[in-house]
Amino acid sequence: MQARQAAIDRAGDTVTSGQFQARLAELIALPTVSQAPQCGQVMRQYLEELLAPDLRGLGFACTVLNNPVAPELPFLLAERTESAAFDTVLVYGHGDVVAAGDGWTQALDPFQLVQREGRLYGRGTADNKGQHALNIEALRAVIATRGFLGFNCRLLIEMGEERGSPGLADLLRTQPNRFKADVLIASDGPRLDLGRPTLFLGARGSLRFTLAAAPRDRPQHSGHWGGLLTDPAIRMAHALASLTDARGALRVPEWRPGSLTDDIRRAIADCGLGDVAGRIDPDWGEPGLTPAERVFGWNSLSVLALAAGNDAAPVAAIAASARAVCQLRFVVGTDAHDIVPALRRYLDAAGFSDVTVAEVPGSLSPATRTDLRSPWVDRLAGSITRTLGNAPAILPNIGGSVPNHVFADIAGMPTVWIPHSHRACGQHSGDEHMDLAMAEQALRLMAGIVWDCGLTN
């Protein structure tokens, strides 16, 4: 117990000493924007010059792997093998960030770490440099205290997550033995509450599709032709409105999942919505479900874009066409490959055979969910409780998307995500930051997890 606590304290003390902040400053300073043209050099620099030397110092063998789909977005695989009899833990993170963007306080430089009023500001502090840097510090603390991990560790850092993780699935399909593990432990996304650690075991799936009504190739005068020609915008409005009721409850039968079981309901009830509970529209979504069940245990439709004519300079003409881009977020239990065919059948039956439907290529992200009864869930949640004295929130899945299906479906391992951020962190917007008190707590709980992963070996 004393040695475990020493490792936990060692990890937490990296905030007090400033060691964690200094390391994070080095990572933030490199603008690893994966959407930027010709970004390959800076991506390799992040892996080869910043991460690999540090990990080699911790006894990891490091290899930079070429991306089979996007050569400018390489991967780093770091491996520390201690015994064939030990469990193997795969740790995942990503080193790429989105562009600096607008909305930053004038005194803040997105690519210079600034500590102010208990926060660390900079692009990547929350998504995802700060999160994987924190996990590496936890590994360091245990190795320094115990001299070994007590498990085999593989650490995978990709540089293209913000572009949809191109090549990640191909990498794990073509080199499965290099990534074989007993569990994935990853950190991305936000906690439910700033002060309460969260485990999530998967993610809702996501699929984009387009609807189009295009009865003619050019607009027509609304006075001469109004009342004589089909208005595609009106057809589109009615087609979209038929998909849900006025509060957004889904009407396409195949889009309504049947997987909201009692154990899933109990887990969601313990979590709630966290720190956004007061900012929702309580009467939106599926009736009969709690707001938390609607986002963590149910499917939802969003209209991402809707266009007909030119709203900036409208003319007196019936538009030639109307188009909508939509997205269905869906949970395990929904047949992802039947989402668009089911929509086609529904529209035909509802009298909208003139509205075309097309899946957006490459937009499918499958839904995943590790079994709540997995021994790894109990083991990791128990470790956090042991460290902090309070149980974490355990979500069956988050409402958004992460590349979890690559590890759950392709690699076939249980997955547990332990996020080190919070919803108001400025992720993908201005003033991105990591809360310093949360970072210290996260360093301590992750050191406890690293210690306990080797406890039974």
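1. Basis. The model is predicted, so local features need pLDDT of at least 70 and side-chain atom pairs count only at pLDDT 80 or more, while totals for chains, interfaces and linings use all residues. Residues are numbered from 1 along each chain as its sequence is written, and side-chain values use heavy atoms, with hydrogens and water left out.

2. Cavities. The structure holds two cavities of 30 Å³ or more, a cavity being a set of points on a 1 Å grid over the protein atoms alone where a 1.4 Å probe fits but cannot get out. The largest cavity has a volume of about 90 Å³, where a volume is the space filled by probe spheres set on the grid points, which are joined across faces, edges and corners.

3. Lining of the largest cavity. Helices (H or I, at least four residues) and strands (E, at least two) are DSSP runs, numbered from the N terminus. By class, the lining has nine nonpolar residues, one polar and no charged; Ala, Val, Leu, Ile, Met, Phe, Trp, Tyr, Cys and Pro count as nonpolar, Asp, Glu, Lys and Arg as charged, and the others, Gly among them, as polar.

4. The second largest cavity. About 40 Å³ of space lies in the second largest cavity, and its lining includes Arg-23, Asp-54, Glu-137 and Arg-140. Helix 4 supplies the largest share of this lining, four residues, and the residues divide into four nonpolar, no polar and four charged.

5. A pocket. The second largest pocket has a volume of about 170 Å³, a pocket being an open set of points with protein on both sides within 12 Å along at least five of seven lines. Of the 13 residues that line the second largest pocket, Gly-309, Asn-310, Val-315, Ala-317 and Ala-319 lie nearest its centre.

6. Four strands form an open antiparallel sheet in the order 12-14-10-15, where two strands pair if DSSP finds at least two bridges between them. Strand 12 (300-307) and strand 15 (356-359) each have a single partner strand, so one side of each is left without a neighbour in the sheet. Strand 10 (residues 205-213) is joined to strand 15 by four bridges, and Leu-211 has Val-357 in strand 15 as its bridge partner. Helix 7 (residues 232-241) packs on the sheet, touching strand 10, strand 12 and strand 14 (322-330), and its direction makes about 15° with that of strand 14. Contact means heavy atoms within 4.5 Å, and angles run from 0 to 180 degrees between N-to-C directions, with axes fitted to C-alpha atoms, for helices over the stretch in contact.

7. The three-stranded sheet. Three strands form an open sheet in the order 4-5-19, with antiparallel pairing. Strand 4 and strand 5 (residues 119-121) pair over three bridges, and Gln-115 stands opposite Leu-120 in strand 5.

Methods. 1 Å grid on protein atoms, 1.4 Å probe; cavity = no way out; pocket = protein on both sides within 12 Å on 5 of 7 lines; lining within 4 Å.
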